[in-house]
Amino acid sequence: PPPVPDVPLTGPCNVSLADYQCLNDHHFIELGTDDGDLEGVDLGTKLGAGSYGSVFRGKLRGGEHDGLDIVAKRARDWEGRICDDNLNNTQMEDRIRHFAEIGTIARDCAGLSIKYLEVEAYMNDLVMAARPAAAAPYLGMVMLNGSRWLVWEYAGADTLEDVLVRCDELGSLAPLAKALRYDDFVEGDAGCFQNLVNILARHLVECVIMMSEAGVAHRDVKPLNMLCVGGRLLMIDFGSAASMGISGRVGYDWDKSPCDPRYAPPEQFIDERYWTKFDLYSAGLIVVRVIFRPLWCGKYFDEFSDQYHKAGYDLDRWLDAVIRSDTTLQGAGGQKRAWRLPLAFRRRGDRSDSSEREGEYIELAAKSCSLEAHAEGKLTMCSIIEGLELLSHDGEGVCWASLRGMLKEHPKDRADPRRVLDDLDASLKSAGVEIDRRCAAVDAAEVEMPSAGGG
Ligand SMILES: Nc1ncnc2c1ncn2[C@@H]1O[C@H](COP(=O)(O)OP(=O)(O)OP(=O)(O)O)[C@@H](O)[C@H]1O
Ligand SMILES: [Mg+2]
């Protein structure tokens, strides 16, 4: 077996060496001149630097895409460990010469970063072939100055994370409404809030469905990895993705988990039988983030996710903890425990009282609001009252039943993404909000799949 690379395994996961070798020849797309090199890329601002690569804005020079605004991602340099994006051509050539001379282990370290890039390229190829509307327009992999780069058309400045942070700063969901082109949004109006949450949820679920139609489990669905473009969401960053819907599994190892625990489902490792449910859970957590105001802020969402994990990935248990730690409620009327824990907390497991429990959440939240002024941003029952009210309506769209369906602990019990989408569409239609469907209404089996390549 090949030696184990000794680079820190903190970045994108789940690539096997065999996968890499079979991928290596397959999805290299040349953008530029005859010798396979781009004529030029003018690199601009650095947009990010992960453990395995760097991402830049830029402009293409020469070739058929001359002048195009792009985003380009390269693997960490050929030595795998030392990151330096300021090499000139001669330095890069020296480095490549060095790479040719160094031993196998050192070369494998470099290879690991490149492998991730190859897997990302492959996933982009799959999505571009089957569901191009789901992701940022991918142009291909190119060689430049001896390095491999993946190149996308620059699709827009805002990630969903940027938009949520703006909402937090403004104390209003207006930036989200604007990003999703919901022009009739009025801050503070419960109906508008509900419509906006349903619009966001249907875009999220649609992305999840389109990924699965392309045979891809993204595995890193989170606001930072979604661009808001033209009123829709586009997926980016396929560095953790795995192709699951086709015969050749790429980027998938059964015993490796995804990278961002904050949005990952409780199973952590993808369940091959229900792989399409993995990303749906992450989408459900994004919905949770939007309906509960304090969580718009990334820092509070991080705290939420710690508490949520401690609560066993169970929203009701998490709410029980919020109730217990709501100091306003504890001091109510000067008595100890002027409030009662929800019935379901006392009689856990009895499914029949869930509507009673939901009613109690709102009662407690209203009590928390009536008692005293609340510290800004602090997580109390009062601070999430709008979200609790939104969840408590019966019927279609985002509500307790549908959210619990998306966040079921076991992937096999989790809702069917298409059903969730149908339900959201029905709800929006009855509210007079109509959005074109990007994913097929047909059975996934009818979607023509690209070939799995050498896998
Ligand atoms: N096609 C695109 N158009 C516009 N911006 C993009 C595009 N692709 C990526 N970006 C921006 O670059 C950032 C990093 O891209 P990406 O998520 O693919 O890389 P990453 O490996 O996660 O890097 P990092 O670890 O720094 O986030 C994104 O968060 C986004 O802001
Ligand atoms: Mg990213």
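Predicted model: local features only at pLDDT ≥ 70, side-chain atom pairs only at ≥ 80, totals over all residues.

Student: Which protein atoms are the donors of the magnesium ion (ligand 2), and at what distances do they lie?

Tutor: The protein supplies Asn225 through OD1 and Asp237 through OD. Asn225 is in the loop between β6 (216-217) and β7 (226-229), whereas Asp237 is in the loop between β8 (232-235) and β9 (242-243), 12 residues apart. At 5% relative accessibility, Asn225 counts as buried. The donors Asn225 (OD1) and Asp237 (OD) lie from the ion at 2.1 to 2.4 Å.

Student: How many helices and strands does the protein have, and what share of its residues is buried?

Tutor: The secondary structure comprises 15 helices and nine strands. The protein exposes about 19800 Å², of which carbon and sulfur atoms supply 49%. Among its 455 residues, the share that counts as buried is 54%.

Student: Among contacts between residues at least 6 apart in sequence, what share joins residues at least 24 apart?

Tutor: A contact requires heavy atoms within 4.5 Å. Among the contacts between residues at least 6 apart in sequence, the share joining residues at least 24 apart is 64%.

Student: How many aromatic pairs are there, and why is the pair of Phe304 and Tyr308 stacked?

Tutor: The count of aromatic pairs comes to 11. The ring centres of Phe304 and Tyr308 are 5.2 Å apart. Planes under 30 degrees apart count as stacked. The planes of Phe304 and Tyr308 are at 20°, so this pair is stacked.

Student: Where do Phe304 and Tyr308 sit, and what separates them along the helix?

Tutor: Phe304 is buried, with a relative accessible area of 1%, and Tyr308 is buried with a relative accessible area of 1%. Both belong to helix α8 (residues 298-310). Because they are four residues apart in α8, the separation is about one helical turn.

Student: How is the aromatic pair of Phe304 and Trp318 arranged, and which helices does it tie together?

Tutor: The rings of Phe304 and Trp318 are 4.9 Å apart centre to centre, with 85° between the planes, and the pair is edge-to-face. Both residues are buried. The pair ties together parts that are 14 residues apart in sequence, because Phe304 lies in helix α8 and Trp318 in helix α9.

Student: Which residues form the cluster linked by ring pairs?

Tutor: Phe304 and Trp318 form one aromatic pair, and Phe304 and Tyr308 form a stacked one. Ring pairs link the cluster of Tyr263, Tyr281, Phe292, Phe301, Phe304, Tyr308, Tyr313 and Trp318.

Student: Which residue caps the N-terminal end of α9, and at what distance?

Tutor: Helix α9 spans residues 315-325, and its buried residues include Leu315, Asp316 and Trp318. At its N-terminal end, a side-chain oxygen of the capping residue faces the backbone nitrogen of Asp316. The cap is Asp314, at 2.9 Å.

Student: Over which rings do Arg57 and Lys299 lie?

Tutor: Arg57 is 3.5 Å from the centre of the ring whose face it covers, that of Tyr154. The charged end of Lys299 is 4.6 Å from the centre of its ring. The ring under Lys299 is Tyr300.

Student: With which side chain does the side chain of Glu358 make a polar contact?

Tutor: Glu358 is found in helix α12 (residues 354-371) and is buried, with a relative accessible area of 11%. Leaving aside neighbours within four places in sequence, Glu358 is in contact with Ser392, Trp400 and Arg404. The polar contact, at 2.7 Å, is with the side chain of Arg404.

Student: Is Arg181 buried or exposed, and which residues does it touch?

Tutor: Arg181 is placed in the loop between α5 (174-179) and α6. Its relative accessibility is 57%, so Arg181 counts as exposed. Not counting residues up to four places away in sequence, Arg181 touches Gly230 and Gly231.

Key
Residues numbered from 1 in each chain as written. Chains lettered and ligands numbered in written order. Heavy atoms only, no water. Donors = N, O, S within 2.8 Å, 3.2 Å for Na, K, Ca; no water. Helix = DSSP H or I, 4+ residues; strand = E, 2+ residues; numbered from the N terminus. Buried < 20%, exposed > 50% of the residue type's maximum accessible area, 1.4 Å probe, protein only. Areas by Shrake-Rupley, 256 points an atom, 1.4 Å probe, with all protein chains shown as cover. Polar contact = N/O pair within 3.5 Å; in protein donor to acceptor, adjacent residues only side chain to side chain. Phe/Tyr/Trp six-rings, centres within 6.5 Å; stacked < 30°, edge-to-face > 60°. Lys NZ or Arg CZ within 6 Å of the ring centre and 35° of its normal.
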